[in-house]
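Trainee: I am new to this structure and should like to understand the reasoning behind the terms applied to it. May we go through them in turn?

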Amino acid sequence: MGKKEAEKTPEVVRDVPPWHCMTKEEVCKEMGLKEDIRRTGLTTAEAAARLEKYGENKMTEAEKETLLQKIWNQVNNVLVGILVFVAIISAISAIAGIGNAVQNWI
């Protein structure tokens, strides 16, 4: 998770403790479920209402990085920029014939 993803995720402010700290009975009460929900399950109408209210039980997918973004992230560095600049200057001097021919191709 990068800094961008952390900024996008809104914080949920709740007065109750986190779900994993609650007992089964407390969770059922918080969700407005009957005591015997574990034996009977949800009715079709209740399931449809919860699906409409909360949406599908899916994880959100992170944005995929394109090939150009991956390449840019690799070369987006001052040292790489200096190296590319020196390579261009070296290639120009080799093509122009400035200096010793053996040194230009080393």
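Mentor: Let us begin with a definition: a residue is buried under 20% relative accessible area, exposed over 50%, and partly exposed in between. Please keep in mind that this is a predicted model.

Trainee: What does the rule give for cysteine 21?

Mentor: The relative accessible area of cysteine 21 is 51%. Exposed means over 50%, so cysteine 21 is exposed.

Trainee: How many disulfides does the protein have?

Mentor: A disulfide is a covalent bond between the sulfur atoms of two cysteines. The rule asks for a pair of cysteine sulfur atoms within 2.5 Å, and by it the count is 0 disulfides.

Trainee: What makes valine 16 buried, exposed or partly exposed?

Mentor: Its value is 27% relative accessibility, so valine 16 counts as partly exposed, the class between 20% and 50%. Valine 16 sits in the loop between H1 and helix H2 (24-31).

Mentor: Serine 93 belongs to helix H6 (residues 78-96). At 19% relative accessibility it is under the 20% limit, so serine 93 counts as buried. A polar atom of the serine 93 side chain lies 2.9 Å from the backbone oxygen of serine 90.

Trainee: What makes glutamate 56 and lysine 58 a salt bridge?

Mentor: The closest N and O atoms of glutamate 56 and lysine 58 are 3.3 Å apart. The rule requires a side-chain nitrogen of Lys or Arg within 4 Å of a carboxyl oxygen of Asp or Glu, so the pair forms a salt bridge. By this rule the count for the protein is 1 salt bridge.

Trainee: Are these two residues buried or exposed?

Mentor: Glutamate 56 has 54% relative accessibility and so counts as exposed. Lysine 58, with a relative accessible area of 65%, is exposed.

Trainee: Which residues form the nonpolar patch on the surface?

Mentor: The patch is formed by Val78, Leu79, Ile82, Val84, Phe85, Val86, Ile88, Ile89 and Ile92, with about 890 Å² of accessible area together. Valine 78 is in helix H6, and its relative accessible area of 62% is over 50%, so valine 78 is exposed.

Trainee: What is the overall make-up of the protein?

Mentor: The protein has 7 helices and 0 strands. Of its 106 residues, 6% count as buried. Its accessible surface comes to about 10400 Å², and carbon and sulfur atoms account for 61% of that.

Trainee: Where is the mean pLDDT lowest and where is it highest among the elements?

Mentor: Helix H1 (residues 3-8) has the lowest mean pLDDT, 51, whereas helix H4 (residues 44-54) has the highest, 90. For the protein the mean is 80, and 79% of the residues reach 70 or more. Where pLDDT is low, the predicted coordinates should not be read in detail.

Conventions
Residues are numbered from 1 along each chain as its sequence is written. Side-chain values use heavy atoms; hydrogens and water are left out. Helices (H or I, at least four residues) and strands (E, at least two) are DSSP runs, numbered from the N terminus. Buried means under 20% relative accessible area, exposed over 50%, partly exposed in between (1.4 Å probe, protein chains only). A polar contact is a pair of N or O atoms within 3.5 Å; within protein, one must be able to donate a hydrogen and the other to accept it, and residues adjacent in sequence count only if both atoms are side-chain atoms. Accessible areas come from the Shrake-Rupley method with a 1.4 Å probe; for residues, only the protein chains shown count as cover. Patches are made of residues with over 30% relative accessible area and no salt bridge: like charges are joined within 9 Å, nonpolar side chains (Val, Leu, Ile, Met, Phe, Trp, Tyr) within 5 Å. pLDDT is the predictor's confidence in each residue, from 0 to 100.
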